[in-house]
Each structure stands twice: as structure tokens, then as C-alpha cells.
Amino acid sequence: MKNSVWAVLAAVLWMALPAGGDPGDERILLAKDAARSGDRNRLVQLAPPTGHVLDPYPEYWALSNQVARPAEVDAARIQDFLQRYAGSWLAEKLRGEWLRNLGRRGDWAQLAAEFQNMEQPEQDLKCYQFQARLQNGDRSALEEARPLWFSLVDTPESCVPVLQTLVREALVSPDETWFRVRRLMEAKRLAGARAVASWLPADQQPGPSDLDKASANPTTYFDRLPINFSASRQGRELALIALARIARDDPQAAYVRYARIDERLSSTERGYVLGQIAWQAAARLLPDANAWFKAAGDTPMSDEQAAWRVRAALRAGDWRAVRSAVEAMPPAQREQADWSYWLGRAHQALGNREAGRKEFARIAGHPTFYSILAGEELGQTFTLPAKARATSVDEADMARQTPGLQRAIALFRLDLRTEGTREWNWTLRNKDDRFLLAAAQLAQQLGIYDRAINAADRTRNEHDYSLRYLAPFRDRIEPNAKSRDLDTGWVYGLMRQESRFVTAARSGVGAQGLMQIMPATGQWVAGKLGMKGFNVGWLQDPDTNVMLGTTYMRMVLAGLDNHPVLASAAYNAGPGRAKKWKDSKPLEGAVYAETIPFNETRDYVKKVMANSVIYAALLEGRAPSLKGRLGTISASDGRGGSDLGSPAPGAGLE
């Protein structure tokens with residue numbers, strides 16, 4: 001770009017700086033633009049420090065651009081940067097990029113030396129380190145890497161040689177190789193499945209296009225199975241893969257086809273297919289799912305399958321199956337609050353109240369969905385913890401003077417939210433409660449509400465729920481909630497989950513503003529209110545956004561039995577889906593929430609409902625019963641429903 005053009009751009013950026021901007025801000029913005037466009041020469045010009053709090057960023061962008069070109073790496077400059085900014089987010093990020101460069105070049109000695117300085121290495125870097133250790137003759141790396149065979153789905157390129165070595169050294173069996181092929185096919189990773197299948201013994205390898213056919217046209221593939229398909233391992237495995245693929249689209253059709261060949265399969269193979277069919281049926285809320293899970297017996301299941309096994313039993317009201325499904329989970333999954341709560345409920349339903357109380361007591365006392373419900377089962381109403389003592393002047397000064405927080409605040413000022421969020425989160429790692437509270441207070445004072453919540457959410461022993469559950473914009477939110485006869489705690493609970501009170505929040509699918517309204521939904525609601533000339537820019541105005549969002553909440557609530565669980569699900573996924581997820585019989589609200597098929601919506605509804613109870617405690621001085629709010633979901637009328645509009649998914653700001 002010519003210098004004259006850069007001068008014009010710099011002038012425009014300077015005029016656009018927010019009040020209180022630093023005179024050097026335009027250099028940072030120009031460097032960011034140069035980094036985006038790959039303008040290496042401009043980056044070099046803008047990299048030298050000028051005394052700006054964000055000086056590391058132009059220098060980092062220049063070095064990062066250099067690291068992407070292995071032949072041009074200046075190791076001395078990189079080391080100098082890493083030493084000057086040791087412990088910073090940018091140092092961690094640059095070190096990771098350099099390690100990838102070293103791994104691609106096979107510089108194993110340097111990689112091994114530098115890897116030990118990484119604080120939070122990603123999986124691809126861990127695999128490069130495994131490779132470095134193997135090059136150095138350290139065979140213990142293989143034992144440490146072996147669990148990847150069973151857990152890794154998205155396989156970084158650096159991990160492939162490690163997995164191949166496990167096969168070559170006979171540390172995984174053919175059975176385990178087929179296990180990985182199945183799992184990759186279940187996860188729609190066809191290329192990865194093909195690669196792993198090529199590592200099978202020659203007499204078990206499927207034909208070059210067999211996996212493709214079983215995946216692309218599973219019904220045709222299955223219906224044309226040769227009469228003697230079961231005579232070979234690959235023949236049976238391809239039939240299982242085709243059935244699992246059919247189940248993804250139509251579990252009942254998969255079961256019909258399974259019944260044709262079940263006698264030609266081993267008990268282990270039958271368990272696998274039934275587990276796949278049951279899983280897909282459960283995720284579609286089909287009533288046969290519970291019976292199919294039972295028929296699958298003790299077949300090994302992924303965490304996702306194991307979770308749906310519990311959900312299918314909950315939906316069926318089969319408490320014995322709930323208990324056995326939770327108890328069959330791997331220990332780490334079994335210990336999660338979700339499953340401890342449902343195991344406690346199963347013990348209660350089956351008459352073992354003491355065992356149930358032990359499960360509830362283990363998870364009660366936290367501000368989360370299942371912890372609040374567990375406390376209520378023990379007769380405890382949710383109460384706010386004692387408020388931490390106010391931060392001192394020294395504590396506040398320490399937070400303000402912390403370089404990482406200073407950089408984050410400057411990045412937010414320049415609307416570089418992605419970089420600001422990463423800088424903020426990295427700086428808060430391993431900090432004690434007093435620092436976290438001071439950081440939260442600082443962010444609140446600056447109006448960076450999502451980071452205030454983020455910091456306050458991290459405390460372990462001292463808490464300030466007025467920061468963790470901020471209630472800004474009350475002069476806008478409370479009048480809108482009251483005029484539409486909405487529970488203010490519910491409105492705040494939903495808004496906290498949607499945007500973390502970031503007025504300019506925008507989701508990946510286009511939802512905008514405090515209440516994350518999709519443009520189509522905003523236009524539809526505005527039309528219902530008689531507002532003409534709708535413009536997407538309205539959604540960025542807090543007053544209009546809250547007015548449209550609360551109006552939509554009232555419309556959805558009125559159309560869904562005035563039930564906040566259904567309305568919360570509808571706000572995230574659409575009213576039609578919320579109705580579709582009902583059962584043919586009345587359903588406990590907590591069971592409905594747990595069996596929502598969409599992972600995002602299920603998590604969203606739980607958090608919104610838990611938030612609403614906590615906000616009630618803050619705003620009204622006493623928390624209502626969460627179980628009471630969840631209530632009972634009425635039986636489906638069998639007609640389903642059409643969406644009122646196109647509500648946005650949550651912004652997911654953490």
C-alpha cells in the first residue's frame with residue numbers, strides 16, 4: 001500500500017479513536033490491519049516500540065508473520081521477545097508458533113528444549129513433543145501417547161506419526177484399530193478413518209472405496225451386502241459401519257436392517273450396533289431408545305452415548321435404568337454433577353434415600369443447575385454466600401498496574417475484543433481470589449461487564465455475587481420486564497447468558513446486542529409492534545434491543561404455556577423445536593431440560609434457569625425454588641409447532 005494511502009487511513013483511524021485514546025493507538029490499528037493483509041514490510045515499519053502499552057502486539061505480529069516462513073526465522077529475535085515478555089499471552093502464543101515451525105522442520109533437539117517452557121500446550125504441540133522424545137529413544141512416550149488412540153477424533157498432522165508408531169510397535173491391536181475406525185466414522189471423519197483402516201493387517205483391510213460407499217450410500221451398501229459378508233472381519237465391520245450411518249438418519253430403519261443379520265454377528269458386534277441405534281434414537285427422543293440401550297448390554301460407549309443412555313431412561317421414567325446407566329459410566333464422567341444428581345434421584349425413587357442424600361450432599365452448595373437442585377433435595381434453599389470484604393486501595397492498584405490487564409483494557413478500548421479477551425483470561429490464570437475480585441471491580445468500573453463476570457466467576461473461597469451476577473442497565477431492563485409482566489430475574493438470567501451485557505456483542509450467526517436478537521426476529525417483532533422502517537442498526541441500540549428482546553420473550557412465553565423452561569429453549573432454538581421436544585406425557589421440567597437434543601440449547605436452558613434463581617436472590621432478597629420454577633412440562637398435543645421467528649443462539653461469552 002502506498003504511503004499516501006497509509007497516511008489517509010491513519011488519519012481516519014485517529015479521528016475514530018474513542019475518547020481517552022492513546023496518541024499511539026493508530027499505530028496499533030495500522031499494524032493489526034497489516035497483519036491481517038500479510039503486509040510484511042509495513043509490519044516491520046510499525047513494529048519498533050514507542051512506549052505504548054500495546055507495543056508487544058506489532059512486534060508479535062511481525063515475528064508471527066516471520067515464523068510462518070521457516071527459511072526466514074530469526075531465532076535470536078524470537079528468544080529476545082520471549083524473554084522480554086516472559087509469562088505473557090503473546091509469549092505463549094509465539095512460542096507455540098515457533099514450536100510448530102521446529103516440528104515441521106524436524107529440529108527435535110531445539111523443540112524438546114523449548115517445549116518445557118510452554119504453560120498450556122495444545123494437542124498438536126504435545127504430539128510434536130512425543131515425536132521429539134521418540135527420536136531421542138524415549139519409549140515411555142508411546143505409553144503416554146496410547147490414550148490418544150481412543151480419545152483423539154480431530155487428529156492434528158503432528159499426531160499421525162505417533163499413532164502410526166503405536167501400530168508399528170504393536171501397542172494397539174487389530175481390534176483396537178477397528179475401534180478407532182468406527183469412532184472416526186461415527187464422528188464423520190472419513191479421511192481419518194480411511195487412513196487408520198490402511199494400518200490394519202492386510203487380510204482385514206477394506207477395499208479402497210468401501211468406507212466411502214458405506215458412508216455416502218449406507219442403505220444401498222447394506223442392502224447389497226454379499227451373502228457371505230459375515231465370513232470376514234472387514235465384511236462384518238463394514239456392515240456395522242453402514243448400520244451406524246443409517247441410524248444417524250433413521251434409527252428405526254437401522255433396527256429393521258439389523259434384525260435381518262443379527263444372528264450372523266457376534267454378541268460384541270450386536271451390542272455395538274444396538275448401542276449406535278439406541279444413541280441416535282435417544283437423541284431424537286424416540287420411545288424405543290431405552291429398550292435398545294438395555295438390549296445393547298455392557299457394550300463400550302463413548303461419553304456422549306453414555307449420557308444419552310441416562311437421558312433415554314429419564315425420558316422413559318425408568319429409574320432402575322437411570323441408576324445402572326450412571327453406575328456404568330467411566331469414573332470421571334460419573335463424578336460430574338449432572339449424573340450424581342440423577343443417580344441420587346434414582347436412589348430416592350428406588351427407596352434408598354440415604355444413598356440419594358450422599359449423592360446430593362456431594363454436589364450441593366454451588367451456584368449451578370444441579371447443585372441448586374441437589375441442595376433443594378436436601379431441604380436447602382439457595383442462599384447467597386457471604387460477600388467478600390471490599391478490595392483495598394493496594395489490591396485495586398495492583399490490578400490496575402498489572403501489564404496483562406493494562407494491555408487487555410487497551411485492546412477493548414480499540415475494539416480488539418478477541419485479543420483483549422485472550423489477554424485478560426491469560427493474565428487471570430492462577431490468580432488468588434483477592435486479585436480476581438480486584439480485577440472484576442476494575443472491569444465493572446470500566447464497563448467491561450463480561451470480563452467483570454469472568455473474573456468474579458473464578459473465585460474459589462471469597463465471592464462477590466453482585467459482580468459475578470452483574471445487573472447493569474436496570475433503568476432499561478426493569479421497566480421493560482415489568483411492563484411485559486416478565487420475571488426480572490429470568491430476563492437478567494437470559495441476558496447474562498446471551499451477551500454477558502456486551503452491548504455490541506455479535507454471534508457467529510448474526511445475533512446482535514444485549515439480548516442477541518437475530519435481524520429477522522428483530523424485524524418480525526418490530527412489525528408486530530407497528531414499528532416501521534426496521535434497520536439492523538437498531539439492534540445495537542441498548543434501549544431498542546431490550547425493548548424488542550423482552551417483547552419477544554413475552555410472545556414466546558405466552559405461546560408456550562407461560563412456562564419459562566419452554567420459553568428459554570425457544571429463545572435459543574425456536575418455539576417449534578421447544579414444542580417438538582415435549583413428550584406424549586407430562587414431563588418433569590428438569591427431565592425436559594436434560595433431554596433437549598441440542599447440546600448448546602440444553603446447556604443454555606440450565607444456565608438461564610439457574611441464573612434466574614440467583615438473580616432473584618440478589619434483586620429480591622430471597623431465592624425461589626429452582627425445582628418449582630422448572631415445574632412440569634405439559635404433554636405434547638401431537639401437532640408440533642412452527643417458529644415465531646428466528647431467535648439467536650446464545651453469544652457464548654465466557
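Predicted model: local features only at pLDDT ≥ 70, side-chain atom pairs only at ≥ 80, totals over all residues.
Biologist: What makes C127 and C159 a disulfide?

Modeller: A disulfide is called where two cysteine sulfur atoms lie within 2.5 Å, and the sulfur atoms of C127 and C159 are 2.0 Å apart, so the pair meets the definition.

Biologist: Why is the disulfide of C127 and C159 called right-handed?

Modeller: The torsion about the S-S bond of C127 and C159 is about 95°, and the disulfide is therefore right-handed. As for its place in the chain, C127 sits in helix α8 (residues 123-135), while C159 belongs to the loop between α10 (148-151) and α11 (160-168), so the pair ties together parts that are 32 residues apart in sequence. Both C127 and C159 are buried.

Biologist: What share of the contacts between residues at least 6 apart in sequence joins residues at least 24 apart?

Modeller: That share is 61% of such contacts in the chain.

Biologist: What makes the phi of L285 worth a remark?

Modeller: Most residues other than glycine have a negative phi. L285 is not a glycine, yet its phi is positive, at about 60°. L285 lies in the loop between α18 (267-283) and α19 (289-296).

Biologist: How do you know whether L285 is buried or exposed?

Modeller: Buried means under 20% relative accessible area, and L285 has 17%, so L285 is buried.

Biologist: Where is R500 found, and why does R500 count as buried or exposed?

Modeller: R500 is found in the loop between α33 (488-499) and α34 (519-528), and its phi, near 55°, is a positive value in a residue other than glycine. The relative accessibility of R500 is 3%, so R500 counts as buried when set against the cut-off of under 20%.

Biologist: How many positive and negative side chains does the chain have?

Modeller: The chain has 84 positive and 77 negative side chains, and the centres of the two sets lie 3 Å apart.

Definitions and conventions
Residues numbered from 1 in each chain as written. Heavy atoms only, no water. Contact = heavy atoms within 4.5 Å. Lys, Arg positive; Asp, Glu negative; His and termini not counted. Charge placed at Lys NZ, Arg CZ, Asp CG, Glu CD. Helix = DSSP H or I, 4+ residues; strand = E, 2+ residues; numbered from the N terminus. Buried < 20%, exposed > 50% of the residue type's maximum accessible area, 1.4 Å probe, protein only.
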